[in-house]
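Subject: Structure for you to look at

Hello,

Here is the structure I said I would pass on. Please open it alongside this message.

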Amino acid sequence: MTTKERPGDASLKGLTDPVSAVEDKWHLLPAFLQVKGLVKQHLDSYNYFVDQELQQIVRANQRISSDVDPNFYLKYLGIRLGMPERSDPLAVDKSYTPHECRLRDLTYSANIYVDIEYVRGRQIVIRRGVPIGRMPVMLRSSHCVLTGRSEAELARMQECPLDPGGYFIVNGTEKVILIQEQLSKNRIIVEKDGKGIIQASVTSSTHERKSKTYVLVKHDKIYLRHNSVTEDIPVVIALKAMGITSDQEIALLVCGTEKEFLEKFAPSLEEASRLKVFTQKQALEYIGGRVKQTRRFAAARRLPSDEALEILASVVLAHLSVEQLNFRPKCMYIAVMVRRVIATISDERLLDDRDFVGNKRLELAGQLLSLLFEDLFKKFNSDLKLNIDKVLKKPSRTQEFDVYTQLQMHGDHITGGFVRAIATGNWVLKRFKMERAGITHVLSRLSYISALGMMTRITSQFEKTRKVSGPRALQPSQWGMLCPSDTPEGEACGLVKNLALMTHITTDVEEGSIRRLAFVLGVEDINLLSGSELYSPSAYIVFLNGEILGVTRTPGRFVANFRRVRRAGRISPFISIYTNTHHHNVHIASDGGRICRPLIIVDHRRPRVTVEHVKMLSEGKMVFDDFLQQGLVEYLDVNEENDSNIALYEKDIVPETTHLEIEPFTILGAVAGLIPYPHHNQSPRNTYQCAMGKQAIGAIAYNQLNRIDTLLYLLVYPQQPMVKTKTIELIKYDKARTLLLQRYYLPAGQNATVAVMSYSGYDIEDALVLNKSSLDRGFGRCQVMRKQTALIRRYANGTFDRVADPPRDANGDIPFKFQKLDADGVAAVGDRVFPGQVYINKQSPTNTNADIGVGQNPLETGFKATPMTYKGLEPSYVDKVIFTNTESEQALVKLLFRQTRRPELGDKFSSRHGQKGVCGIIVQQEDMPFSLQGISPDIIMNPHGFPSRMTVGKMIELLAGKAGVLKGELQYGTAFGGSKVEDMSRILIDNGFEYSGKDYLSSGITGEPLSAYIFFGPIYYQKLKHMVMDKVHARARGPRALLTRQPTEGRSRDGGLRLGEMERDCLIGHGASRLLLERLMVSSDAFEVHVCESCGLLGYGGWCQRCRSSAHMAPMKIPYAAKLLFQELQSMNIVPRLILEDY
Amino acid sequence: MDIEGAGPEIAIRHLDKDRVNFVLSNADLSVANALRRAMISEVPTIAIDIVQFEENTTVLADEFLAHRLGLIPLYSANVEQFKYTTECVCTEYCSACSVVLTLEAKCTREGETVMVTSRDLQSHDPKVSPVMSDEFDRGIMIVKLHKGQEIKLTCIARKGLGQMHAKWSPVSAVGFEYDPHNRLRHLEYWIEEDAKKEWPLSRNADFEEPPRDDEPFDYNAEPNKFYYDVETVGSIRPEDVVSMALDVLQEKLKVTEAALQEGQTMLTGGMPGEPTNDGWNQPVDAMNAAGW
């Protein structure tokens, strides 16, 4: 174990060091991440979409013909995506970088080119490389300019080498398409619904159609339910309609030769005869009469039976294709569903768990874009066709008709469709009537970790409001696939998850070859079998992606052989195969979206990865893919994992073991991987840290100072933690290997010397005491950058905005308000801008709508000042100004403000153990307690934070950190490993310290020793983004809302502090009526009205308009809101009358 | 406090360029601790306080650089000759209250990285310059320049106290201890079994007789010997830090004494004299002041 815990990069480890057993197998992890990276799933999925799916979609929608001219056709021969290019047609150098897009608010996209063949006049013309639109390019995908570039080249492009990519840049904002979690498609799931009805359901999904089919039990009879029929169809009738008319054959298909099944199924058979349905024709008519009427009036009236046949063939269980009315496979499938239902009635343990991760599929950017593209492409084609028809309809044309010109007119549809979908996150698919919102999110750049965390995030389609615990609970099958710690608190708890470190998500693999392989390995074709063979005790039904292939009588050998082929690298490593002994099934899966992870293969009690392999890996002679190719390591998905026996450590290997874990700490994700000693903490603390790690201020990327983000927080002196974890090294991995000793990090925090003790009373409720000298020296100091933009527009009538130079007063002096402006009308870089000062002196034309007249100078229309004024309580410095233009040729001015802040009272800090606290007091160094060496703490933390939180990991972090400081090396707090407490204590003792990390401290005030020993040492602290400066708010008087005349709401509008309902209740309880009156009316919206005592209505100025008199007017004070109410009531023909009495 | 025989005594155990280790005896704990506190926060030094930027095209922001410059220790042996800015008659700064340092650096060559260090700071007063350990010391790194980057600025260094900002503190740490054997039982050991085994003794324990096991606890005993370990940042020689701190204490006593006497006369009316030597009400240019 010891070598494993020692720090070390593979390449740094001395070759003479003994390689103890396969303990060093964790070296596979960096190797894995080097190949895969943390966002590989996004990139893989996008690449697959661009390289494969695009072609498939075009092939499926290949031909456009005209309704007018039968000779005309247009055929797509091929499609490809170009490299990212600027859309500006005049540009000489069309290449551009993602960073330019970020700065200029552009969309990072590439042209989609098609090759077409079409009829022009009497000729057939072939044109290649015709652009039909632009598609956003995923950063670091195969089509991104950043892929495969060296660090120096990336630096030239102002790009950070540690940036993971996997997101899009749309209109200058970075957008992530989050991973979507769904129930797997095309699989039978047996479950119990709310009423206790057992049903088997299948969600069929093909390119054309999505539909859900159920087989369920009602009154002991079995029915088929589908959206396209109005009522449940007895399953026997459905089978009869599909051509299996003999009851005996149906019984055989469903029950085989088993009596128990037959008994349960008999009522269903009886019902069919009761309903007098015996033949296929009768069955089809029965179903045809119950088909839902669609609004498709265009379709000619067909016979109900034809309609039924059509529905059975292509809508019910749409994923099973029916070729030439051969319904047999579909019948078998339904029979299997029925059998599953019957089996479940007698044994409820056979119910499926829909929360089981194996029943889940993850939808990635590529799949979502593919859906979107197919929709856009279809719309594009139908628009094109309409246009072609319109042109061809005309009897005479001046020019020969060339579709090419038409094709280019429609480019905006696809371009705009993509941009709109990604920018808003609304996926609107007409085909499936799907409308999903919130698919994309702005990439959070609060810290490097928050960006990484976002790339591994998984959202669920579940409604957040539903109070069900199942989908939210931690599933045992999540082990190693999804991080057990990283989930938000509150409403999305358990629904939003994160990938673990070694997770991979599959993409689709073509089925044809797998099907052939299965038959070669001895699967008997389903079409040749009868029910008795299907369910014979030795037979296992073989499924491929949920479709029945056939039967094997030797499942063990079949599966073993199949795996052998896979391990030999003859088929994709991501194809999974597993046996389900309960159902007597063998499932082969090659569909996309399955979660899987690599494991070391073990046979004959010996792991295939040996010391030699690891050695070659660390020498760089082998890479991860070699391990895969040589069959030493393989990917298992959740289902296959369930069929394997995986040992956690080598010592746990028993004869039944099939696999060995690569490294236990990979069950955690990237964000939870930051926590040192997480296995010593109470679990919710780790979850809290996962949420807080994303709010920590630190370094964001190497290009952080070149970025102009809306809000950017940077730490002035970020440090790498004294106690790190392997994950910390790995997620910033990549480059460390090539540059050997020079390590780059993007940390978010500082190693604070912490004394765990009580000091003053300002540390209660988790408040922290900070050392003023530490703050003077730069502890917790941060920079806040804020962006301001101004668009210098051009208007349709020829007028335009302008930026004016600072105006001067009568003496020729520039007034304070405009003092920071340069001659160009924008504040100068480096200047300090105070509240109320103008930083962009923009002026807009007074008239932007009406015609200004031909030949008139647009400058003569007159301008009104629309300056941008600095708001905020503290001054800022101008860090950067850029002048540029957008895609639409509008001038754009961006200005970056910078503030440097030192921690103050109320700023929030947290350690890496979910222990947050605000600064309660800042103490002079000489008043701080100090150790024998004269060391005083940076932070004093109250010990009451420990007992209830049980964050033992934090204590061990302190211990290991202290030992590390004394020994001059970094320590490791990796999960399920890390530096041992015993070793740490040894180091402390060797250096003359107490073994448990306690120190002798003296009071800084009296000089006397503190009567107890104090737990004292370094703990990594994060400064969180919540700072008092952004939140302070107070108001005595201020703006009021226009309509109600009540004080405005919120800090940004300088709003009032609300005396809410509960506070009101309090005052009522006290009977403080005058105070109530003052708070709710006088200090809010008191208004003097004149009430007519005779009619009870409001008058004005001592005059009652209704009574036409001023005789009985009485002035009184009411809330303006009440006056408003009276008037609104009057407008609704309700007369509110005030009856006044002496009081 | 009544001192028997001779007054307080200081025995220096070790002294070098930036460190003094001494033993103070025949003094009260309160005095000893006051000395420690005075060394940290009340011995004046000179440090860069205002930075005027002319050119800064480096990667670091102005405030960032100003903070870094502020923390550079400057030789302050003649700090007594300077006035506090608040006491000086000048409007902004003058040679009586401040020292001007300039920094100018530029990188012109491709592929080269210019390291700007405290050695590049040019002081207008040869006696007040950045601290260097020896002639081979390359100075404290301020910023690195890439091709085309330039820095040009003027620093105004002023006299100040550690309690205003840590940059004016002459010491980095002051070790302080008495009664290493815990004879006085000022602290209670937390032990599992045996304090002697579990708690390491400090090195100062060798200078005192270890208590015999059967020695009775003398509850009247007072601490008498105090072990100091003063480490400076280099601005003032360590022995000077100690004597200046003692001067500060004496000055304070004098002021207090005068105030007390005046207070006695004041019983009939009048105001006590304002203490003069305090610089902590100085107005500070909040953002641009180095290091604030």
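Below are notes on chain B as a whole, on a patch at its surface, and on one strand of chain A.

Please keep in mind that this is a predicted model.

Chain B overall

Chain B has 292 residues, and 45% of them count as buried. Its secondary structure consists of 4 helices and 10 strands. Read from the N terminus, the order of the elements is β-β-α-β-α-β-β-β-β-β-β-α-β-α. If we take the contacts in chain B between residues at least 6 apart in sequence, 76% of them join residues at least 24 apart. The accessible surface of the chain is about 15,700 Å², and carbon and sulfur atoms account for 50% of that.

On confidence, the average pLDDT of chain B is 85, and 88% of the residues score at least 70. Residues 269–289 of chain B have a pLDDT below 50, although in the model this stretch has 32 contacts beyond near neighbours in sequence.

The nonpolar patch on chain B

Which residues make the nonpolar surface patch of about 330 Å²? They are Ile10(B), Ile12(B), Leu15(B) and Leu246(B). Strand E1 of chain B, residues 9–16, gives the largest share of the patch, with 3 residues. Leu246(B) sits in helix H4 of chain B, which covers residues 238–266. Is Leu246(B) buried or partly exposed? Its relative accessibility is 34%, so Leu246(B) counts as partly exposed; the range for that class lies between 20% and 50%.

Strand E17 of chain A

In a regular strand, side chains alternate between the two faces of the sheet. Strand E17 of chain A, residues 457–460, has Arg457(A) and Thr459(A) pointing one way and Ile458(A) and Ser460(A) pointing the other way. All four of these residues are buried.

E17(A) is paired with two other strands of chain A, as follows.

- Strand E7 of chain A (residues 179–183) runs parallel to E17(A), and 3 bridges join the two. Here Gln180(A) stands opposite Thr459(A).
- Strand E18 of chain A (residues 497–498) runs antiparallel to E17(A), with 2 bridges between them. In this pairing Lys497(A) is the residue opposite Ile458(A).

Best regards

Notes: Residues are numbered from 1 along each chain as its sequence is written. Chains are lettered from A and ligands numbered from 1 in the order in which they are written. This is a predicted model: local features need pLDDT of at least 70, side-chain atom pairs count only at pLDDT 80 or more; totals for chains, interfaces and linings use all residues. Side-chain values use heavy atoms; hydrogens and water are left out. Patches are made of residues with over 30% relative accessible area and no salt bridge: like charges are joined within 9 Å, nonpolar side chains (Val, Leu, Ile, Met, Phe, Trp, Tyr) within 5 Å. Accessible areas come from the Shrake-Rupley method with a 1.4 Å probe; for residues, only the protein chains shown count as cover. A salt bridge is a side-chain nitrogen of Lys or Arg within 4 Å of a carboxyl oxygen of Asp or Glu. Buried means under 20% relative accessible area, exposed over 50%, partly exposed in between (1.4 Å probe, protein chains only). Two strands pair if DSSP finds at least two bridges between them. Contact means heavy atoms within 4.5 Å. pLDDT is the predictor's confidence in each residue, from 0 to 100.
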